[in-house]
4 protein chains.
Amino acid sequence: MAIEGRGEGFSGRIRLGMVGGGQGAFIGGVHRIASRIDDKFELVAGALSSTPEKALASAREIGLDPERSYGSYEAMAEKEKARDDGIEAVAIVTPNHMHFPVAKTFLQAGFHVICDKPMTTTLAEAKELAEIAKRSGKVFILTHNYTGYPMIRQARAMVANGDLGKIRVVVAEYAQDWLAERAEDTGSKQAGWRVDPAKAGAGGAIGDIGTHAHNLACYVTGLRVEKLSADLSSFVSGRKLDDNASMLLRFSGGAKGMLWASQVAVGNENGLTLRVYGESGGLEWAQEEPNRLWYTPLGQAKRLLTRGGAGANAAAAAVSRIPPGHPEGYLEGFATIYAEAAELIRAASDGRPPPDGIALPTIEDGVDGLAFIEACVASSKKDGAWVTL
Amino acid sequence: MAIEGRGEGFSGRIRLGMVGGGQGAFIGGVHRIASRIDDKFELVAGALSSTPEKALASAREIGLDPERSYGSYEAMAEKEKARDDGIEAVAIVTPNHMHFPVAKTFLQAGFHVICDKPMTTTLAEAKELAEIAKRSGKVFILTHNYTGYPMIRQARAMVANGDLGKIRVVVAEYAQDWLAERAEDTGSKQAGWRVDPAKAGAGGAIGDIGTHAHNLACYVTGLRVEKLSADLSSFVSGRKLDDNASMLLRFSGGAKGMLWASQVAVGNENGLTLRVYGESGGLEWAQEEPNRLWYTPLGQAKRLLTRGGAGANAAAAAVSRIPPGHPEGYLEGFATIYAEAAELIRAASDGRPPPDGIALPTIEDGVDGLAFIEACVASSKKDGAWVTL
Amino acid sequence: MAIEGRGEGFSGRIRLGMVGGGQGAFIGGVHRIASRIDDKFELVAGALSSTPEKALASAREIGLDPERSYGSYEAMAEKEKARDDGIEAVAIVTPNHMHFPVAKTFLQAGFHVICDKPMTTTLAEAKELAEIAKRSGKVFILTHNYTGYPMIRQARAMVANGDLGKIRVVVAEYAQDWLAERAEDTGSKQAGWRVDPAKAGAGGAIGDIGTHAHNLACYVTGLRVEKLSADLSSFVSGRKLDDNASMLLRFSGGAKGMLWASQVAVGNENGLTLRVYGESGGLEWAQEEPNRLWYTPLGQAKRLLTRGGAGANAAAAAVSRIPPGHPEGYLEGFATIYAEAAELIRAASDGRPPPDGIALPTIEDGVDGLAFIEACVASSKKDGAWVTL
Amino acid sequence: MAIEGRGEGFSGRIRLGMVGGGQGAFIGGVHRIASRIDDKFELVAGALSSTPEKALASAREIGLDPERSYGSYEAMAEKEKARDDGIEAVAIVTPNHMHFPVAKTFLQAGFHVICDKPMTTTLAEAKELAEIAKRSGKVFILTHNYTGYPMIRQARAMVANGDLGKIRVVVAEYAQDWLAERAEDTGSKQAGWRVDPAKAGAGGAIGDIGTHAHNLACYVTGLRVEKLSADLSSFVSGRKLDDNASMLLRFSGGAKGMLWASQVAVGNENGLTLRVYGESGGLEWAQEEPNRLWYTPLGQAKRLLTRGGAGANAAAAAVSRIPPGHPEGYLEGFATIYAEAAELIRAASDGRPPPDGIALPTIEDGVDGLAFIEACVASSKKDGAWVTL
């Protein structure tokens, strides 16, 4: 029954550095756990904060060698490059506005990069970064982590396999409530940068969570959003970025869609859901119950497909660790991104082609994410006019 | 524990006639059951089909006196008016295009009218009918039946009471799948007229089910849709009316919304749902589990409010019949419309003002429904431009 | 899509009398609604209370002719027998201790009887009543109403059809919380008689709700409980009858089971559930979501069977009224008992054999119910020794 | 928002060895992931299989130094003791019959022990092991992993806090279906030893999963099972141990309970559930949705308490890693056992008293587990007579 990670066997741990993720951060800790779950990485260096003392304190707290705690990411890139046992890859877990300069620096210094989303704060930067990555020959991984859930892999493979027929309708939602009040005034580091255009970019809810919903809709269906018509709101007084966004979507191939991203929907913790309807079937999935996928073949009873259960396909099995009924969660989904990143990095280091079956989001998906954000903002400014991505 | 209907005590049954609802119909049977549940009506006459023989056969099947089975609604209005024991009210359960002429005829002949939705097939007719009803002094009831569910009453009273604070976001959906294929080709009487513009009017899914979602959103929040931007599709080949509609809404007072109506969403039977989020709370309800209402006060744990359970308010209790945990369903919700209709009719007949606590949809809601349909069609034709209702 | 009741066509309403069900009662109102839903009965007489003035007031409240409101059931039986338009059947909705004398009186007077459960207060009475019913040639209907739910009919037919293979395990529960405190001290008429051995019989929770769970387990599986080992408790101080009962069951054919009945399980409104596991499949059902039945064929994904949906069988369809997704509830399930009762009564009156497809609980099931109660009490007194039913 | 593990700061990794957990095993891989999640252990040695070649192949697969892969656990104990950098603790993840000899060997050799459940195969062994552990002064951790779920911690703290009042009823279930057929004939290593009395001990389902349910019921309520009456079955032909067990429980303090453990309940993947009802409240939890706990205060609406959400208490927060709505699963719950084990081991090594707030199962719980298994077998042999634990 047991499968450990992607399970091809152990071949040494990849030496990893981290930029961002110091005390008070959220996603840095997630990346660290995710990197350990399948035992393919070893965190050996960090520039955990832009304040050197904080960086050091944070490094001590997580057991990093103080010698390899750096006061700036530039120093880390330079010093680690010079070491024989220097890092091979870097995880970027800073607020959005630092993704671009950090990623650029490390790619150009010859490191593989694992970067949180959204990839950059502007579409122009995203395109430039894609070029830089391409030229670098290094692996660039975008942690659209929800693509790592086994039942999302299952759904994607089912759509690709034609189980739903031609797709007609896609409904994606990402609803939260943690910004229903001015959390940014309570000293929340998380809230603070997310509502600040200088750090978050042009998108509030659309950048922070809307991009996940957009990415997941495209990832599962294999379709691209061609046009969208968006209505962004900032309900909480004094907020500059959107905290609620509703939009209509038109996909390549003729499918229609809706997307709702909100951080003021009281009663929603992390309500990312995806529903896909085709000519011959429908799929429904909710992130808060990630081990379940509801599948209705046209004219038949609805079926509950579970991770590891009867009806689970090879794509799901490839990223499952434990038997059905033993819930895998957010951290395991995230770990799948790391496990597959390790395979790509190892292959690249060895000069091998990427192994089969890897289904990670690409740097082009990262560019699409910024195109999505900018299209949302542009459409909303034009009172919901259709904007082409 | 027991409450029978609205429970003010029995005061004789109102004599009811029915137009439409013959063999093969759906909603006619529903109206008949609904009219019996609280024992306030007695069906005594009918023009159940526009084909006289069918009308008679249908009448026999449901136990109507053959003498009072009429071959046309005009005949029924005339003959029943002449009888001492003639009908007092008529239920109109025909395809949409007949609502207007039948309602007009009966109102003008001095009968109270209970009419299925949408009220007419055009906004112009709807406005005219509202005028006719007003002049007639008779009671006109529109069976937006979902307003009869106790937990919808509860939700409405909670919003009115300020439990959610100022409303920010409203998400309404009505998803079905029974028209995912060409059911109209299989001899389904139900499908046949619903996809025919001559009988259904300008709206397909938006008229048949979208109006329910629109009505419910307004009914619960007490807000009106001021503008909408809609994208209608006809996915099934050869279909003239929409079978999928997605739209953005802007409500009076600044709330934003989304509405999705689909009859091609495979895996959805009768997926009417409503979610309302305000500054200080959120509510979530799904028609397929109508006895449950999820309520989250800002910053507190989500609560499951149940019909008749702890936390049920007076508005819910007023339309509940049996103790909590004993599910009331669609027919009981519909029966509430009839029970309240009976009270209004009895009061009008007696020259009394309407009793307190009645919360039925009004004829203005019917006009709004047609305004909604026409706005959807107009917006979609203009590629989703905002249209004012 | 529409099916009205069992739908064979109207053939006049059966004239019904009622004993019990006056003001403050619960189940009487339920019977009245249930009798109207499918339009096969007309309530024309009643002995609604053992206090004549209360009986009359109750009769007025529900619109009964005061002339046919009787101060005692004996008077009703005598007077109605003498009328040309006298009742044909009587519904007995009194506290348990009156079931036997009333049923006996009416059967012997030549009336059909519809009687609430448990059938009597002792097994001896139950057996005697079964004999009396048999000799009378009259129809006796026991309202184990949960057998009227379409998905229970579906489950029963599936088991009979072998879809689950040989049954191994049955888990039945009926959990409530309304007696978690001394509701009997608050003037609740419902609570008062249920905790009084003189009126309820030897069983508290086991008689009131345990019998439903027992009946449903047997009804669906077609098996009989051969032996049981029970542990009864009276948690609320001063209570004479059980308010919580747990037991092990051994069924005919070797299946094992558990049954839990509780009226002190805080958070449960009307938690009747049934789970049945066989060699090749499993079924799970919960009364609070009655339109859904979960079916897992061995080695396949779990399926959600819905009333009227894909996968619904003929047994379910026969007792459905409205399309899938439009919830039918407790009252409709109860109405099915009345609809089938009407068919049996009409057939008996006409000298015809019972029509096919009727699946009502029998008077033998009523005897089994009392055997169950007495076995529970006996086993518990003997510290859980196995007792044969 | 973020909390990493129990978060007191990193203080070096504990050097861990493992006995069992070679290729084809399930729980070994789980222990390894769990030991890594919070970064408090480093696996450095193993005796992964009793077949030396298999042990070595397994060691290579997971990246163990081949020099520290041992062909027997005795060799590992001896050699590691002799090393300066030898292991500090051992994880025992063998089939049940090896728990005792391995644990005894390592405790007596001066190592801390983390041992899977059930602790031994007989009660006598369990008691002896408890003595050995006590004398050794070493930490002994029993991985009743379900106690590591945050909402189980929440529930336990709520009961201890009196939120439910005096406990009346406890219902525990653990239902699976993977042994509904003869999986032991298909070469499943997992199934093979679990149905073999020589390896599993006297309990089949009761030992493998029933002990978890028993442990959880006691862990959450703080009560002990004083007596039980059990009915064990072996439904699958040829099976020597129980594959279905139903039983009645009597707890210290007067609470009553039921426990059902089954491995033949088709449609259940890993259905461990616990329901606890007291005088003033009820709690309901299901392992397959571990981040949710349903709480009903008497007379109030049911509340959904979520991991990290409003209403989560300190006990839950202490073992949470990520924000609400981001599901933590089985592996994180298991990791909590390891994180707390690390704290106990570190404290013991440093000669400090155990830190506050640790809520791990104890070795006495392990003794109780064997007492439970033997009582079940004894009771069932005596046809369900009450047996005192």
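Reader: With which residue does B:R292 form a salt bridge?

Author: The model is predicted: local features need pLDDT of at least 70, side-chain atom pairs count only at pLDDT 80 or more, and totals for chains, interfaces and linings use all residues. Side-chain values use heavy atoms, with hydrogens and water left out, while residues are numbered from 1 along each chain as its sequence is written and chains are lettered from A. A salt bridge here is a side-chain nitrogen of Lys or Arg within 4 Å of a carboxyl oxygen of Asp or Glu. The closest N and O atoms of the pair are 3.8 Å apart, and the partner of B:R292 is C:E288.

Reader: How many salt bridges are there between chain C and chain B?

Author: The pair B:R292 and C:E288 is a salt bridge. Between chain C and chain B the count is 6.

Reader: What area do chain C and chain B bury between them?

Author: Contact (heavy atoms within 4.5 Å) takes in 43 residues from chain C and 43 residues from chain B. Buried area is the accessible area, with a 1.4 Å probe, that two parts lose on being put together, summed over both. Of the area buried here, 59% is on carbon and sulfur atoms, and the total is about 3600 Å².

Reader: How many residue pairs are in polar contact across the interface of chain C and chain B, and which helix of chain C gives the most to the side that touches chain B?

Author: A polar contact is a pair of N or O atoms within 3.5 Å; within protein, one must be able to donate a hydrogen and the other to accept it, and residues adjacent in sequence count only if both atoms are side-chain atoms. By that rule there are 13 residue pairs, both residues being at pLDDT 80 or more. Helices are DSSP runs (H or I, at least four residues), as are strands (E, at least two), numbered from the N terminus; α1 (27–37), α2 (52–62) and α11 (330–350) of chain C each supply at least two residues to this side. The one that gives the most, with 6 residues, is α1(C).

Reader: Where in chain C is C:P118 found?

Author: The peptide bond from C:K117 to C:P118 is cis, with omega near -10°. Most peptide bonds are trans. C:P118 sits in the loop between β4 (112–115) and α5 (123–136) of chain C.

Reader: What is the phi of B:D383?

Author: B:D383 lies in the loop between α12 (363–381) and β14 (387–388) of chain B. Most residues other than glycine have a negative phi. B:D383 is not a glycine, yet its phi is positive, at about 55°.
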